Amino acid sequence: MNESQSPTYLIYGAGAIGSVLGGFLHKINRSVTFAGRGSHLLAIKEQGLRITGIWGEHLVPPEEIDILSDPLNREKRYSTILLSVKSKDTETAAREAAELLAEDGIMVSIQNGLGNWETIARLVGEKRTVGARVIFGAEIPVPGLAKVTVNADDVLLGEPFCPVNRALLQTLKDDLRLSGIPARAVSKEEIWSALWGKVLYNCSLNPLGAILEVPYGRLGENEETRMIIRGIIEEIFLVCQALKVPLPYKGADDYYRFLLETQLPPTRDHRASMLQDILAKRKTEIEALNGAISRLARENEIPTPYNDLLTLLIKFKEKRESQGPGPQG
Ligand SMILES: NC(=O)C1=CN([C@@H]2O[C@H](COP(=O)(O)OP(=O)(O)OC[C@H]3O[C@@H](n4cnc5c(N)ncnc54)[C@H](OP(=O)(O)O)[C@@H]3O)[C@@H](O)[C@H]2O)C=CC1
Ligand SMILES: CC(C)(CO)C(=O)C(=O)O
């Protein structure tokens with residue numbers, strides 16, 4: 001991007017997080033195109049996109065909603081693609097979006113879990129791949145409405161593999177901040193460390209929240225769930241040690257305290273995205289979270305019974321929700 005050009009944003013996966021990011025970028029008059037599917041996309045096309053919650057109200061009226069399905073939009077090449085699909089859809093969505101990415105553009109993974117950055121890099125090249133750590137919460141309570149529920153820290157952006165188009169990366173960070181979303185650009189080491197830090201957080205809370213069907217806060221209040229959380233964390237630290245992953249915490253004890261005392265309080269009322277997936281009968285991101293930990297642990301001969309069990313229970317719940325409870329309930 002040269003000085004005179006403005007970024008062109010494509011939100012690939014206009015669900016909860018993508019709608020909030022796209023809606024906020026629209027608020028500061030950036031060029032934003034939405035790619036999505038289902039009832040939410042239909043609703044924003046017909047009635048516009050409404051954003052509500054802790055960061056205030058905003059409406060993108062229907063006449064200002066730019067949807068990728070417009071044939072002219074499919075001819076365009078976008079400078080900055082924000083990939084905001086669930087991890088199970090990364091391969092397909094990134095492959096589709098790769099066709100629309102400018103040669104010197106960036107594709108930013110706005111996702112939780114392990115493996116997404118590598119998949120994107122395989123499809124668009126390491127020089128166009130950017131990682132993000134997002135730790136604000138968003139939901140779609142009804143189609144057409146995106147609600148910002150909680151915020152635990154700034155959005156972090158960084159180059160996971162090698163230098164990318166830095167002007168675009170800086171512009172994205174500046175645009176997010178200008179729009180009202182706290183964001184920072186960080187080094188390669190910090191973005192990996194932040195991704196794994198978020199994996200620790202999601203692995204500790206999401207499957208338990210989804211299995212027990214309670215908000216995050218309840219998991220920290222009960223001795224039983226705290227014991228399980230501790231087991232999950234200790235196993236992930238063993239895997240990180242074996243893989244030499246630079247975690248932003250000194251050890252399992254240190255992180256356990258940080259989770260309970262610092263990270264949990266501002267997100268106490270949040271229902272894990274994994275719980276929202278189960279309730280909506282969607283597949284979860286367990287394979288990119290505890291499932292990925294179990295796989296990496298097996299490769300390194302590390303026993304991870306807590307992560308293995310939670311992965312199996314979530315898979316059972318996914319099937320039960322999609323196939324129905326059966327005669328015994
Ligand atoms: N929601 C949250 O609070 C947070 C989420 N995250 C992470 O952000 C990522 C996105 O999560 P979230 O916004 O909740 O997910 P959503 O399911 O709300 O949004 C993803 C959207 O992308 C659509 N989609 C999937 N594949 C394609 C495709 N090939 N083409 C077009 N649209 C597609 C989905 O449609 P369909 O539903 O039909 O599959 C869905 O509408 C995840 O990795 C999540 O872990 C991170 C922090 C917080
Ligand atoms: C919303 C958030 C950031 C929890 O704070 C999350 O990561 C999730 O629900 O999976």
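Biologist: How far does a polar side-chain atom of Tyr201 lie from an oxygen atom of ligand 2?

Modeller: This is a predicted model. A polar contact needs N or O atoms within 3.5 Å. The polar side-chain atom of Tyr201 and the ligand 2 oxygen meet that cut-off, at 2.9 Å.

Biologist: What share of the area of ligand 2 does the protein bury?

Modeller: Start with ligand 2 taken alone. It then exposes 280 Å². Of that, the protein buries 96%.

Biologist: Which helix and which strand give two or more residues to the shell around ligand 2?

Modeller: The helix is H7, residues 188-212. H7 gives the most to this shell, with four residues. The strand, residues 136-139, is E8.

Biologist: How far from an oxygen atom of ligand 2 is a polar side-chain atom of Lys198?

Modeller: Lys198 is among the closest of the 14 residues that surround ligand 2. Asn112 also places a polar side-chain atom by a ligand 2 oxygen, at 3.4 Å. For Lys198 the value is 2.8 Å.

Biologist: By class, how many residues in the shell around ligand 2 are charged?

Modeller: The shell around ligand 2 draws at least three residues from each of domain 1 (8-186) and domain 2 (192-323). By class, six are nonpolar and seven polar. The charged count is one.

Biologist: Now the salt bridges. Is Glu159 buried or exposed?

Modeller: Glu159 pairs with Arg166, with closest N and O atoms 2.8 Å apart. Arg166 is partly exposed, because its relative accessible area is 49%. Buried means under 20%. Glu159 has 12% relative accessibility, so it counts as buried.

Biologist: How many residues apart are Asp253 and Arg230?

Modeller: Asp253 forms a salt bridge with Arg230, the closest N and O atoms being 2.1 Å apart. The pair links distant parts of the chain. Asp253 sits in helix H10 (252-263) and Arg230 in helix H9 (223-243), and the residues apart number 23.

Biologist: Which residues do salt bridges that share partners join into one network?

Modeller: One bridge joins the side chains of Lys88 and Asp89, at 2.8 Å from N to O. Lys88 is partly exposed, at 41%, whereas Asp89 is buried, at 19%. The network consists of Arg37, Lys88 and Asp89.

Terms used: Residues numbered from 1 in each chain as written. Chains lettered and ligands numbered in written order. Predicted model: local features only at pLDDT ≥ 70, side-chain atom pairs only at ≥ 80, totals over all residues. Heavy atoms only, no water. Near = heavy atom within 4 Å. Polar contact = N/O pair within 3.5 Å; in protein donor to acceptor, adjacent residues only side chain to side chain. Areas by Shrake-Rupley, 256 points an atom, 1.4 Å probe, with all protein chains shown as cover. Nonpolar A, V, L, I, M, F, W, Y, C, P; charged D, E, K, R; others polar. Domains from an automatic or database assignment. Salt bridge = Lys/Arg side-chain N within 4 Å of Asp/Glu carboxyl O. Buried < 20%, exposed > 50% of the residue type's maximum accessible area, 1.4 Å probe, protein only.
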